[in-house]
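User: Please take a close look at one part of this chain, the segment at its start, and tell me how that part sits within the whole.

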Amino acid sequence: MDLERFDLILRIRVWASAVFYAIFVGVGLHGVLNGWHYDNPTPAVVLLLIAFFSWPRKARPKGWDPDLDCRRDRQQEKARGILQRRFNKVRLYYFFGAFFLLALLPHFLGEPVFQVLG
């Protein structure tokens with residue numbers, strides 16, 4: 001796959017994932033504040049999974065082998081490394097944001113999220 005096409009697909013996946021995550025936050029907040037989240041968290045969880053799995057995993061195409069003698073390719077490789085670290089940070093943000101919205105916020109509002117079965 002050529003680099004231009006890969007970058008286009010990458011941009012589309014980032015945009016789609018951000019939109020789905022924003023919808024997840026809205027649906028999750030609505031569910032937590034109105035109380036239906038505890039009975040049926042499925043819509044929020046499905047939106048979270050779609051957003052998480054549509055987020056790109058790699059910043060480099062699979063078969064891309066940069067020519068390290070060329071200055072442009074070295075710069076591309078460095079930029080892709082920085083982009084990869086940013087992708088990893090956003091995945092952590094997705095995880096912690098979802099944990100806060102699905103578990104901590106309901107717990108702080110008084111719902112029995114961490115109730116022990118017994």
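Analyst: A contact here means heavy atoms within 4.5 Å. With that in mind, residues 24 or more positions apart account for 72% of the contacts in the chain with a separation of 6 or more. This is a predicted model, in which local features need pLDDT of at least 70 and side-chain atom pairs count only at pLDDT 80 or more, while totals for chains, interfaces and linings use all residues. Residues are numbered from 1 along each chain as its sequence is written, and side-chain values use heavy atoms, with hydrogens and water left out.

Asp 2 is placed in the segment before helix H1 (3-34), where helices (H or I, at least four residues) and strands (E, at least two) are DSSP runs, numbered from the N terminus. Asp 2 counts as partly exposed because its relative accessibility is 44%; buried means under 20% relative accessible area, exposed over 50%, and partly exposed in between, with a 1.4 Å probe and protein chains only. Although Asp 2 and Trp 64 are 62 residues apart along the chain, their C-alpha atoms are separated by 8.2 Å.

Turning to the whole chain, its secondary structure comes to three helices and zero strands, and the elements run α-α-α from the N terminus on. The radius of gyration (taken over C-alpha atoms) is compared with the globule rule, 2.2 Å times the number of residues to the power 0.38. The chain is more spread out than a compact globule, because its radius of gyration is 19 Å, well over the 13 Å that the rule gives for 118 residues. Its C-alpha trace spans about 65 × 20 × 20 Å along the principal axes, and buried residues make up 29% of the 118 residues.
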